Amino acid sequence: MKFAALGLSEKVLEGVRAAGYTEPTPIQLRAIPLVLSGKDVIGSAQTGTGKTAAFALPILSRLGHHNPVGPRVLILEPTRELAAQVETAFRDYARFLDLKITVVFGGVGYGKQNDELRAGADIVVATPGRLLDHLEQGTLKLDKVEFLVLDEADRMLDMGFLPDVRRLVEKCPRKRHSALFSATIPPQIETLIQWAMHDPETIEIGARRTPAETVKHVIYPVSDTQKTDLLLELLNRVNYDSVIIFCRTKHGADRAATLLKRANHAVAVLHSNRTQKEREQALAGFREGKYEVLVATDIAARGLDIADVSHVINYDVPQHPEDYIHRIGRTGRAENTGDAFTIMVAEDAPHVFAIERFISQKIPRVKLENFDYRYTALFEEPKAGAPAGFPGKVRGGRVHGGYHFAPGGRRR
Ligand code: AMP
């Protein structure tokens, strides 16, 4: 099935061709006709599935020409990076249309945003807090909104944005089309759906709990005193093109970055304590290859379209099982295969078990050959009936004392 058969407008099809897309992805195949027909849509799909185009293309097709009455499309995003990324995607797809697109987020001045909103934007991509400021200051009204998109709704919930989201939804006309994207649908999101959406159709692409099949993922157990040594050694041995290292906290990310810089790695850092400018520079530098290593927290990296990452290293085990899927989804995109390594210390065991339950998969434990390991209880074979943590045998590898020695994580 080609894009041309989906009912998109000619100008949007030209934009799609210019973006270099030939075939619609599964979520695009299902969502585009629904949004075009005016249905409310709930989409659950992993990042990297093409969900932005799944809502952007049909919305652009239905908008027609620029109209200065005020925004007719409102897209809410949990982070500034995501908002900027979605705005760029819209501009890309809309390059043969005369529509005006604006992005609104905090951490930067109001001047440019005020000017663009006053000039009459057709599409506003925004984070909730700053958008509320604009509403209160009267720079913007939402009474002409025809399409409302709540993107990454579960992340907005995690970040405490749902009350702001509700206030914003209340400012939009009742008669509108809505779409909501969320990796998981916890009860609070279910309530939001019932309140904000009209007879929605749900699209679930793939099993959302399954890591991409192209990703090879393993766990490196280690004593907590050797965590940083293991990280440095992994980076030395792995033949990576670009690697994202995930840390639990902003301070942890800063510490890891300092350590890596000292070891002469070209490192960028992405977390929410950094200024907008710093974050943009970090992302741009990483995309251009100026930095080979990006150290990030979950919130900063969620959903970001960072292509071509050869490796993901979880320096800290994620606290929420779904974050594991998001993190390792940065690699193994499209046709590339990727490697995802998780460093595990004893206190991480409950989180690792939760992840394994969530993905219904055992993640192989491996050791780095000739690394001077100190003892940790994690190296013990599990007793019969103990919570399963260790694999039996790993196919295609050497097994030493129940352990598979990793070949070094080269790209396969
Ligand atoms: P998203 O899931 O929206 O973040 O998209 C992930 C990546 O897939 C982005 O780099 C898009 O440009 C790309 N993409 C989206 N749709 C297609 C398509 N139909 N064919 C090829 N690439 C696509």
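A polar side-chain atom of T52 sits 2.7 Å from an oxygen atom of the ligand. Taken alone, the ligand exposes 500 Å², and the protein buries 74% of that (accessible areas by the Shrake-Rupley method with a 1.4 Å probe; for residues, only the protein chains shown count as cover). The model is predicted: local features need pLDDT of at least 70, side-chain atom pairs count only at pLDDT 80 or more, and totals for chains, interfaces and linings use all residues. Residues are numbered from 1 along each chain as its sequence is written, and side-chain values use heavy atoms, with hydrogens and water left out.

**Ligand site**

- The ligand has 12 residues around it (near means a heavy atom within 4 Å).
- Y21, E23, Q28, G50 and T52 come nearest.
- The side chain of Y21 places an N or O atom 2.4 Å from an oxygen atom of the ligand.
- The side chain of Q28 has an N or O atom 2.7 Å from a nitrogen atom of the ligand.
- By class, the shell holds 3 nonpolar, 6 polar and 3 charged residues (Ala, Val, Leu, Ile, Met, Phe, Trp, Tyr, Cys and Pro count as nonpolar, Asp, Glu, Lys and Arg as charged, and the others, Gly among them, as polar).

**Helix packing**

- Helix α3 (residues 51-63) and helix α4 (residues 80-93) cross at roughly 45°, and their axes come within 10 Å (axes are lines fitted to C-alpha atoms, for helices over the stretch in contact, and angles run from 0 to 180 degrees between N-to-C directions).
- α3 and α4 are therefore oblique to each other (under 35 degrees is roughly parallel, over 145 roughly antiparallel, 65 to 115 roughly perpendicular, the rest oblique).
- α4 packs against helix α12 (residues 276-288) at about 60°, with the axes 11 Å apart.
- That makes α4 oblique to α12.

Key
Polar contact = N/O pair within 3.5 Å; in protein donor to acceptor, adjacent residues only side chain to side chain. Helix = DSSP H or I, 4+ residues; strand = E, 2+ residues; numbered from the N terminus.
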